[in-house]
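Please look over the sequence and the model before reading on.

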Amino acid sequence: MLANPVNWSLEEEANRFEEMLNLYKQNKISEDEFRRFRLQHGTYSSRFQTKFNMVRVKIPSGEVNPEQLEKIAEICEAFSIGSAHVSTRENFQIHWVYLDDVPEVLRELSKVGLTTREACGNTIRNVTASPLAGVCLFEPFDVTPYAKGIAKFFLRNPLNQNLPRKFKINFSCCDKHGFARIGDIGLIPKLKEENGKKEKGFQIFFGGGLGPASFIGEPLEDFTLETDLLPSCIAIVRLFDRLGDREKMHRNRMRYLVHDLSPEKFREMIIKERRIVKATLPPSAKLELIESYYPDFKEEQKESEVIEDEDYQRWFLTNVLPQRQKGFYTVDTNLPAGDISAEQLRALAEICRKYSLERIVRLTPTQSILLRWIKESDLYELYRELSKHGLGNPGANSIAKCVGCSGTTSCNLAITNSHRLAKEIQAKLLALKLDLDEGLKTASIKISGCPNSCGQHEIATIGFYGGASRVNGALAPTYQMLLGGEAHGNKASLGVMLMRVPARRVIDVVLKVIELYKESKRDRERLDEWISRVIKNEGPEGIRNPDELRVKLESTATIPTIDKNPLFYVDWGGEEKFRAKTARGECAA
Amino acid sequence: MSFLISPEELKGLIGKDDVKLVDARRREDYLQGHINQAISIPIHDVIRALDAESLRKLFSSKGISQEDTVVVYDDEKGVYAGRVAWSLEYIGHKKVKLLDLSYSDLIKHEYYNNKISKEEEKFKEGKLDINLNESILANLEFVKGLIESRDGFIIDVRERLNYLEAHIPTAQTMPWKVFIGDKKLFKDADRIKRLLFNRGIMQDSNIVTYCGGAGTLSGISFYALRLAGFSKVRLYVRSFLEWKELNLPVEVVKDANYWDLSAY
């Protein structure tokens, strides 16, 4: 029996949205009041077009069932641009929706249990979980029921309706995976042996987050018992609510508060607050563990056949991961920069029904979609089915899985077209078959269209964020390049700034870095290892440190003047001369 | 009787002398198999008939007469059938119907007991007059007038990206699939009505639908609005193709690379 999917939606909310929209149109509520309401319901204004909106569908733990995929497909065609977009926080984003149609979109979403509630605005945003949770080789236990439980507890909870600023909770599946250290709250599952009994619990991190100024989350304590999970989260949210800055919108994420007070001080405050929470929390306020469907399976011990298909072998090497359940595999669809068409969504729904034993898919923070619980004997057939619909691109678990936020395709804050650039880099790396290079498999490229880090550039091996540079009076799209970031479970570090690169030279610079690495790497050294050596001033001869690397890259990264090469003054995907145009963001409502 | 014919109703109609079934699909598809007694009038022939007299000739040559009940179907969610039906209505035919589901769905339907036919249907030349129904046509002058007077709404039913790139000034965007049902031809009338009400469009508003060029997507949208009780709907049959050819002004959504969000 498949578990009933959680109903995250509340049908009345669509009616309420319609009422508020009408009041706003009749000038009975102010622009500000309506904006706050709209953001609380996941509706974010599109680039320079107040009539159009992005509708962000919250997907707790990234779990989506086939019926929901089909509904998203239908909505995309009827109300949007025919494709949906997977975000780095496991949301589905539906872009360029006409504001007047949002109530209809919410009604449709609610038919399949999906909500946009608290997907934007000063709220607890989507609670994410590592997409491998439940199948990960290294996890002590599946965090998904906890992640969904936390999501459900805070959804529509009065605690969470008017925070100083947005708030993000990330669950890792193990010490090696997931984004626990870049959330306001991050959680890694742990087992602790006490009196011969294994106790479930978490290591909790607080005050992490990416943005114009980023921080890695600080550990709260070594081990937090599972019964203390909810009180700890409530304590942290309450402290932020009480002490957070409601004035300075640009500097009021919890990470600033934590570092203004010092992490040590904040840690003590959390522990104290948690005592109060535990003493005063009504017994009804409990964490409900929401179990996912766990397939009843037999381990497959079959000898695997060798399949003489080069493309399949490449895909198998770069998109398929073994599960802790022997004989089962997790498969990545490697969506280019997170975009998936309505036709592909429908195909994926059918494929999921046919091949995935758990009958759901998982959205990933690398803007992709995973199919899990695939039998080894089905892999080749699955590959061919996926490929028929353009969902069989190789390179998912390699440097070729480029992340790119929506950038100037729809965002008010974006300066550059990071989205298109990510697709271009991916296409180039795949064409060069660099996804097959063992040394490049653990490296990543992530791109944001502005310093705000939706593309998570600071945790990339090679990261970029968009800006503009003036050369002899002409404005060119450029990217700030960062090196050596990562976020893997309990390990995380932020990339260091290296240099500015013209948008049109980003691909060349990436290839140049790879070339330098190949020339000077140690035996089986990987690119990310090589880069961290350079950052630590232990790099190879001539590329000892970032300064020396910069010198090596400078000739590749120069900008010719506009009369020599006007293309440098036009952004990717653009036809006109580049203008650095932005409008007010609505993140801080 | 509504202008939509259910499979149950169709069963009672097949075989009657004064009922003509029109298959609007491509001729090749018709020859592969069609509903018993259906006549082939491919959409492309209808689009090529540029004036009322050519349309009259085309339809009468296919055996359609003034007094017939004509039921049109396709396998394209009404995109072909709508345009054919509209053309018949435009020259003054009063008994034009649409089959309420696509051919592929019909032949799977439990009420459809007739096996498909591969024989070309024989028919006699029909008798048709022209009695132009100008109230369902929007020509260039009408569209321009509406933009000027603001006394009505222009609806662009092309896909959203095409709309963002360029559209007729003042037009609103409603991709045609917003009207299309799953098993039935259209979504529920109430849903369509609510969608338009939320856009500030009333049932007695003047409405023009247009699409990329052939009046097909906008043709089926025309009928969706009629179903929802909008009484003054017109089809701008030459659509955006004419508008562009004449180099008339367009509105564009600037400074955003929305095309790059597409997964197609």
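How many nonpolar, polar and charged residues does the lining of the second largest cavity have? By class, that lining has seven nonpolar, three polar and three charged residues. Here Ala, Val, Leu, Ile, Met, Phe, Trp, Tyr, Cys and Pro count as nonpolar, Asp, Glu, Lys and Arg as charged, and the others, Gly among them, as polar.

## Basis of the report

This is a predicted model, in which local features need pLDDT of at least 70 and side-chain atom pairs count only at pLDDT 80 or more, while totals for chains, interfaces and linings use all residues. Residues are numbered from 1 along each chain as its sequence is written, chains are lettered from A and ligands numbered from 1 in the order in which they are written, and side-chain values use heavy atoms, with hydrogens and water left out.

## Cavities

A cavity is a set of points, on a 1 Å grid over the protein atoms alone, where a 1.4 Å probe fits but cannot get out; lining residues have an atom within 4 Å of a point. Grid points are joined across faces, edges and corners, and a volume is the space filled by probe spheres set on the points. Four cavities of 30 Å³ or more are counted by this rule.

The largest cavity has a volume of about 90 Å³. Its lining consists of 13 residues, and Leu10(A), Glu13(A), Leu106(A), Thr115(A) and Thr116(A) lie nearest its centre. Two or more residues of this lining come from each of α1 (12-25) and α4 (102-111) of chain A, and α4(A) has the largest share, three residues. Helices (H or I, at least four residues) and strands (E, at least two) are DSSP runs, numbered from the N terminus. The lining of the largest cavity divides into five nonpolar, five polar and three charged residues.

The second largest cavity has a volume of about 80 Å³. It is lined by 13 residues, of which Lys58(A), Arg125(A), Val127(A), Ala151(A) and Leu155(A) are the closest to its centre.

## The largest pocket

A pocket is an open set of grid points with protein on both sides within 12 Å along at least five of seven lines. The largest pocket holds about 1600 Å³ of space. It is lined by 50 residues, and those closest to its centre are Lys176(A), His177(A), Lys441(A), Thr442(A) and His488(A).

At least two lining residues are supplied by each of β12 (320-322), β13 (328-332), β21 (486-488), β22 (491-493) and α14 (527-535) of chain A. The most, four residues, come from α14(A). By class, the lining of this pocket has 19 nonpolar, 18 polar and 13 charged residues.

## Domains of chain A

Chain A is divided into domain 1 (12-111), domain 2 (128-280), domain 3 (312-388) and domain 4 (417-569), with bounds that come from an automatic or database domain assignment. The C-alpha centres of domain 1 and domain 2 of chain A lie 28 Å apart. Nine residues of domain 1 and 14 residues of domain 2 take part in their contact, which means heavy atoms within 4.5 Å.

These two domains of chain A bury about 960 Å² between them, 39% of it on carbon and sulfur atoms. Buried area is the accessible area (1.4 Å probe) that two parts lose on being put together, summed over both. In domain 1 of chain A, Ser61(A), Arg89(A) and Glu90(A) lose the most area to domain 2, together 51% of what that side buries. Two salt bridges are counted between domain 1 and domain 2 of chain A, a salt bridge being a side-chain nitrogen of Lys or Arg within 4 Å of a carboxyl oxygen of Asp or Glu. Lys148(A) and Glu63(A) meet through their side chains in a salt bridge (2.9 Å, N to O).

## Chain B and its interface with chain A

Chain B is divided into domain 1 (4-132) and domain 2 (137-261). The area buried between domain 1 and domain 2 of chain B is about 1700 Å², of which carbon and sulfur atoms give 65%.

Between the chains, 26 residues of chain B are in contact with 44 residues of chain A. Chain B and chain A bury about 2900 Å² between them, 49% of it on carbon and sulfur atoms. Seven salt bridges are found across this interface. Arg191(B) forms a salt bridge with Glu108(A), with the closest N and O atoms 2.6 Å apart.

Glu108(A) also forms a salt bridge with Lys71(A), where the closest N and O atoms are 2.7 Å apart. Glu108(A) lies in helix α4 and Lys71(A) in helix α3 (residues 66-79) of chain A, so the pair ties together parts that are 37 residues apart in sequence.
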